[in-house]
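This briefing goes through selected features of one model, grouped by topic. Please view the sequence and the structure first.

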Amino acid sequence: MIGIVGGVGPYAGLDLMKKIFDETAASNDQEHLPVVMISESHKIADRTSFLLDKTKTNPAFAIVEVIKKLVSVGATVVGIPCNTAHSPHIFQVIKQQLRESATKVTLLHMVEETARYLTDKVAEVKKIGVLSTTGTHKTKIYPQILQRFGLQAILPDTTLQKQVHRAIYDPEFGIKTFSNPVNEKAKEILIDAISQLEQAGADIVVLGCTELPLAITQRKIGNCPIIDPTRILAKALIRAVDPNKLFPF
């Protein structure tokens with residue numbers, strides 16, 4: 001059974017579940033894989049706030065409790081639809097807590113799965129633009145992991161990063177406030193950011209925050225291909241449970 005840590009953010013969990021269904025080879029209800037999601041956003045501290053030292057509460061501990069609940073109802077493989085939660089300051093604590101509690105589950109790493117996809121499926125690209133929260137940007141999760149796979153990350157400069165972060169978090173128009181539908185101003189900021197990364201040399205742009213695919217649903221913006229890590233995680237979760245159920249890339 002696939003388990004989803006929901007609530008990070010809430011619509012990101014729904015988006016992952018939808019994409020699991022979208023990417024499953026099934027001709028009727030009964031052929032779909034079992035999926036369970038627990039969304040307890042009120043218990044999980046904001047990941048970026050923790051990484052930027054705005055809160056001392058590490059969200060890893062609450063995420064671990066959700067994973068344990070998922071395992072208790074049958075989940076054997078789990079995904080966390082939050083790129084920022086894969087920062088070592090959070091993800092390594094999650095893994096340590098699961099080991100110490102002897103919780104037996106396969107926990108996928110969203111950013112590693114994205115890097116693996118890029119090297120396997122779009123091998124001709126080497127310069128990867130990344131849009132993300134400032135927490136992900138600051139901790140350099142993507143540059144470090146992409147480098148391990150022989151890829152170069154191209155990140156927004158400080159000014160552009162502030163705008164991208166506003167598109168996610170701004171209470172007046174950000175995606176966390178307006179997830180469905182997404183505010184047009186947030187979309188405009190992100191489309192401009194993609195254009196700027198392309199001008200800076202990016203061959204392709206990764207939507208490195210799970211709120212961003214809620215706003216940018218296209219496979220291309222202009223001539224720039226767009227990579228959705230939520231969809232990649234969905235495929236990886238299906239593959240981990242039953243590879244025969246996975247639609248080909």
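**His 86 and its surroundings**

Leaving aside neighbours within four places in sequence, His 86 is in contact (heavy atoms within 4.5 Å) with Ile 80, Phe 91, Leu 108, His 109, Met 110, Val 111 and Ile 141. The model is predicted: local features need pLDDT of at least 70 and side-chain atom pairs count only at pLDDT 80 or more, while totals for chains, interfaces and linings use all residues. Residues are numbered from 1 along each chain as its sequence is written, and side-chain values use heavy atoms, with hydrogens and water left out.

**Two loop residues**

- His 86 sits in the loop between β3 (77–79) and α4 (88–100); helices (H or I, at least four residues) and strands (E, at least two) are DSSP runs, numbered from the N terminus.
- Is His 86 buried or exposed? His 86 counts as buried because its relative accessibility is 2%; buried means under 20% relative accessible area, exposed over 50%, and partly exposed in between (1.4 Å probe, protein chains only).
- Lys 140 is placed in the loop between α6 (134–139) and α7 (141–148).
- With 42% relative accessibility, Lys 140 counts as partly exposed.
- Between the C-alpha atoms of Lys 140 and Met 1, which are 139 residues apart along the chain, the separation is 32 Å.

**The four-stranded sheet**

- An open sheet is formed by 4 strands in the order β2-β1-β3-β4, with parallel pairing; two strands pair if DSSP finds at least two bridges between them.
- Its edge strands, each pairing on one side only, are β2 (35–39) and β4 (106–107).
- The parallel pairing of β3 and β4 runs over 2 bridges, and Val 78 stands opposite Leu 107 in β4.
- Helix α3 (residues 60–72) packs on the sheet and touches β1 (2–6), β2, β3 and β4. The direction of α3 makes about 150° with that of β1; axes are lines fitted to C-alpha atoms, for helices over the stretch in contact, and angles run from 0 to 180 degrees between N-to-C directions.

**Strands β7, β8 and β9**

- Strands β7 (residues 204–207) and β9 (residues 224–227) run parallel and are joined by 2 bridges; Val 206 stands opposite Ile 227 in β9.
- Strand β8 (residues 220–221) runs antiparallel to β9, also with 2 bridges, and Ile 221 stands opposite Cys 224 in β9.
- The hairpin of β8 and β9 has 2 residues between the strands, and Gly 222 there takes a positive phi near 65°.

**Helix pairs**

- Two packed helices are described by the angle between their axes and the distance between the axes.
- The axes of α1 (residues 10–22) and α11 (residues 229–241) come within 8 Å and cross at roughly 55°. This angle makes α1 oblique to α11; under 35 degrees counts as roughly parallel, over 145 as roughly antiparallel, 65 to 115 as roughly perpendicular and the rest as oblique.
- On the α1 side, Asp 15, Leu 16, Lys 19, Ile 20 and Asp 22 meet Thr 230, Arg 231, Leu 233, Ala 234, Leu 237 and Ile 238 of α11.
- The residues of this contact of α1 with α11 divide into 6 nonpolar, 1 polar and 4 charged; Ala, Val, Leu, Ile, Met, Phe, Trp, Tyr, Cys and Pro count as nonpolar, Asp, Glu, Lys and Arg as charged, and the others, Gly among them, as polar.
- Helices α8 (residues 158–169) and α9 (residues 184–199) pack at about 145°, with axes 9 Å apart.
- The residues of the contact of α8 with α9 divide into 7 nonpolar, 2 polar and 2 charged.
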